Amino acid sequence: MPAVQETVDQVRSLDVDQYKYGFFTEIESEKAPKGLTEDTVRFISAKKDEPEWMLEWRLEAFRRWQTMPEPNWARVSYPPIDYQELYYYSAPKRKEALSIDDIDPEILATYEKLGIPLRERDALLGIQSGGSKVAVDAVFDSVSVATTFKEELSKAGVIFMPISEAVREYPELVRQYLGSVVPVTDNYFATLNSAVFSDGSFVYVPKGVRCPMELSTYFRINERNTGQFERTLIIADEGAYVSYLEGCTAPQRDENQLHAAVVELVALADAEIKYSTVQNWYPGDKDGKGGIYNFVTKRGDCRGDRSKISWTQVETGSAITWKYPSCILRGDNSQGEFYSIAISNGYQQVDSGTKMIHLGKNTSSRIISKGIAAGHSDNTYRGLVTAHRKATGARNFTNCDSLLIGDKCGAHTVPYIESKNSSAQFEHEATTSKISEDQLFYCRQRGLDPEEATALIVNGFVKDVLQQLPMEFAVEAQKLIAVSLEGSVG
Amino acid sequence: MAMLNIDNLHAKIDGDHGKEILKGLSLTVNPGEVHAIMGPNGSGKSTLSYILAGKEDYEVTDGSVSLDGEDLLEMEIDERAAKGVFLAFQYPIEVPGVATMTFLRSALNAQRKKRGEAEISTPDFLRLVKDKAANLGINQDMLRRGVNVGFSGGEKKRAEILQMAILEPKLCILDETDSGLDIDALKVVSEGVNALRSPDRAMIVITHYQRLLNHIVPDFVHVMHKGRIVRSGGKELALELEANGYAEYQQDAA
């Protein structure tokens with residue numbers, strides 16, 4: 001309840017068309033030369049002090065990428081991207097930070113502005129005021145700048161570190177799992193990522209361990225003309241549990257910036273991974289200029305029996321979103337979930353959804369998607385549910401609701417359903433509605449102004465999904481919803 | 001000074017060929033008074049309530065409405081609410097996913113802010129709701145459910161009166177609050193309304209039937225027909241209508 005109130009406050013306190021994370025941090029950075037060649041890949045690998053096998057892996061990806069066409073099936077349009085005009089590596093210029101005190105104060109200040117405490121004592125103070133403990137890995141442009149609570153996690157046996165460090169420190173683990181869910185050859189953007197990824201988070205939760213705190217990565221693109229290609233790999237060993245949160249922002253810029261991440265999740269027998277995203281990349285200005293191209297591949301593999309992977313996403317940012325967090329339900333009795341709120345306003349384009357691939361017996365999946373389109377935006381849900389012929393007893397329930405605000409936006413639902421096993425039961429429900437004039441009138445008659453009323457109605461519409469988010473994120477998400485709908489009424 | 005002054009109000013449904021619904025309606029309401037407006041279907045009673053609340057589907061073509069001397073027709077819907085205009089809907093609207101409690105609090109605070117008052121604290125708010133809800137037989141479960149979602153007819157009307165009790169408006173407009181109520185529910189709702197009668201609050205009670213007025217006893221009764229008030233009197237006028245029906249007015253007008 002107070003959260004809704006905060007939403008309402010937030011709407012009031014901000015001007016229309018104001019992206020509050022749009023600031024830029026003045027900081028010296030070290031970049032790879034512009035453009036993408038084998039040398040760029042070698043440069044990144046050398047910067048990361050990578051073993052030979054990692055470089056080979058990247059080079060193979062790069063060669064493959066050069067032969068691939070860019071996909072064009074999504075319901076989005078944008079001018080061709082000149083991949084030679086981008087920078088593929090940018091790092092704050094400073095020697096490797098050994099402790100939090102070695103981090104450039106400007107970067108610390110940036111994260112503070114974003115409300116992400118990197119100093120553990122700040123985070124600990126948060127506990128006293130009622131919040132729970134969250135370990136944070138902060139990625140600034142291409143490198144991870146800080147990971148908090150490392151020691152406390154390692155006591156539990158949990159590995160949480162930048163993937164660049166994991167490649168050096170736990171090469172066997174990384175080698176075993178990297179690319180095992182999203183193969184190097186998977187798709188154009190994933191292959192590009194495989195060639196040039198610079199950092200991201202690595203998580204390993206050992207057998208039977210319940211990760212003692214929420215893990216979180218905060219991504220920030222700062223540099224101009226820089227692509228961010230992070231790679232996240234999370235492994236929950238047998239019977240392990242981990243909840244992971246991801247947040248993203250970028251400065252306000254006139255040109256488009258590319259973000260092509262890959263996230264791989266592996267859940268072994270009886271393990272559970274809960275992955276939540278609050279994505280708020282810069283969406284472009286009110287005329288559709290600038291903004292992030294968010295072309296992301298996220299996939300989870302329920303590799304063991306009775307394992308469970310749950311994706312929850314709140315997507316409010318980016319000029320273009322192309323993203324389908326998916327689950328491969330390989331283990332018998334494994335479960336996949338996808339809860340999504342995708343909001344588009346202005347000239348944003350969203351093509352997002354999920355894939356639930358049922359391979360094992362008695363696998364079940366659940367999809368709840370809430371798309372909200374306002375302004376001139378286009379919002380597409382694209383989903384695939386399949387049952388392999390051996391997937392006896394597979395079950396899926398899908399519910400896709402779209403809400404339109406105004407009459408210049410579009411909502412589209414594109415579900416693909418394939419069953420090769422006669423015992424599979426798939427249900428699909430979909431609705432499209434507009435915020436009704438009657439609802440607005442009713443709320444306004446009680447004293448809410450048009451934006452407050454819209455925020456309240458929308459928060460009600462997405463409630464089922466908000467409930468899936470960890471508490472702190474739910475509050476943040478609610479605020480975000482209100483802010484991203486500013487200027488959509490009246 | 002009169003609280004509400006409606007003078008020669010003409011209004012039609014928005015659009016070029018909109019039908020004129022109000023045709024020169026005048027009404028003066030003073031603080032503390034309860035006015036009942038009765039009349040056959042289609043006489044314009046609900047339209048009047050919507051126009052007072054500011055619904056955008058109508059166009060006022062002539063006349064004026066003032067609230068405490070200010071031009072009501074110039075104000076936004078939510079501004080009118082903050083100034084104390086409350087409409088209890090004949091068909092309350094559902095707002096799925098928004099708990100009734102959340103809705104009440106958001107509305108109350110929105111109004112308070114517009115009036116430059118501080119927000120109500122959580123403990124004060126909870127106490128307020130608990131008190132008012134108990135009187136109307138509204139339980140905690142109902143307060144947690146989405147606004148009007150899955151409410152029975154009677155529950156919807158009680159919820160409207162609860163909102164009214166919490167928002168403490170200056171001018172309450174009750175649009176056919178008795179429709180869809182059984183006799184017990186009618187009693188509860190009427191008691192809720194009566195509890196809100198006060199020397200500085202006025203009410204306009206729109207109804208077809210006398211029976212509501214046995215419970216909410218009006219100071220004045222007006223008969224509305226074809227967009228105008230055609231007769232006014234005391235509470236006994238309602239009894240007369242109950243006995244004779246609206247036939248005489250319908251004939252007069254024909």
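How many bridges join β19(A) and β21(A), and in which sense do the two strands pair? They pair in the parallel sense, over 10 bridges. Strands here are DSSP runs (E, at least two residues) and helices are DSSP runs (H or I, at least four residues), numbered from the N terminus. Two strands count as paired if DSSP finds at least two bridges between them.

The model is predicted: local features need pLDDT of at least 70, side-chain atom pairs count only at pLDDT 80 or more, and totals for chains, interfaces and linings use all residues. Residues are numbered from 1 along each chain as its sequence is written, chains are lettered from A and ligands numbered from 1 in the order in which they are written, and side-chain values use heavy atoms, with hydrogens and water left out.

Chain A contains 13 helices and 23 strands. Of its 490 residues, 63% are buried. Buried means under 20% relative accessible area, exposed means over 50%, and partly exposed lies in between (1.4 Å probe, protein chains only). Contact means heavy atoms within 4.5 Å.

Strand β19 of chain A covers residues 364-373. Eight of its 10 residues are buried, so the strand is largely enclosed by the rest of the structure. Strand β17 (residues 335-344) of chain A runs parallel to β19(A), joined to it by 10 bridges. In β19(A), Ile368(A) stands opposite Tyr339(A). Ala373(A) stands opposite Leu404(A) in β21(A).

Strand β21 of chain A (residues 395-404) also holds Asp401(A). This aspartate is buried, with a relative accessible area of 10%. The side chains of Asp401(A) and Lys370(A) are joined by a polar contact of 3.0 Å. A polar contact is a pair of N or O atoms within 3.5 Å; within protein, one must be able to donate a hydrogen and the other to accept it, and residues adjacent in sequence count only if both atoms are side-chain atoms. Neighbours within four places in sequence aside, Asp401(A) touches Ser369(A), Lys370(A), Gly371(A), Ala430(A), Thr431(A) and Phe461(A).

Beyond neighbours within four places in sequence, the contacts of Asp351(A) include Ala74(A), Arg75(A), Trp322(A), Tyr324(A) and Thr380(A).

Ile417(A) belongs to strand β22 (residues 410-419) of chain A. Ile417(A) is partly exposed, at a relative accessible area of 48%. Apart from neighbours within four places in sequence, Ile417(A) is in contact with Val385(A), Phe426(A) and His428(A). Asp449(A) is 32 residues from Ile417(A) along the chain, and their C-alpha atoms are separated by 42 Å.

Chain B has an open sheet of four strands, in the order β2-β1-β4-β5, with antiparallel pairing. Its edge strands, β2 (20-29) and β5 (70-71), each pair on one side only. Eight bridges link β1 (residues 4-13) and β4 (residues 58-67) of chain B in the antiparallel sense. Leu4(B) stands opposite Leu67(B) in β4(B). Helix α1 (residues 45-53) of chain B lies across β1, β2 and β4 of chain B, at about 110° to β1(B). Axes are lines fitted to C-alpha atoms, for helices over the stretch in contact, and angles run from 0 to 180 degrees between N-to-C directions.

The two chains meet in an interface. On the chain B side, 39 residues are in contact with 23 residues of chain A. Together the chains bury about 2,600 Å², 61% of it on carbon and sulfur atoms. Buried area is the accessible area (1.4 Å probe) that two parts lose on being put together, summed over both. Across this interface the rule finds 13 residue pairs in polar contact (both at pLDDT 80 or more). The rule also finds five salt bridges between chain B and chain A. A salt bridge is a side-chain nitrogen of Lys or Arg within 4 Å of a carboxyl oxygen of Asp or Glu. The side chains of Asp438(A) and Lys55(B) meet in a salt bridge at 3.6 Å, N to O. Several elements of chain B each supply at least two residues to the side that touches chain A, among them α1, β6 (85-88) and α6 (153-167). Helix α3(B) gives the most to that side, with 11 residues.
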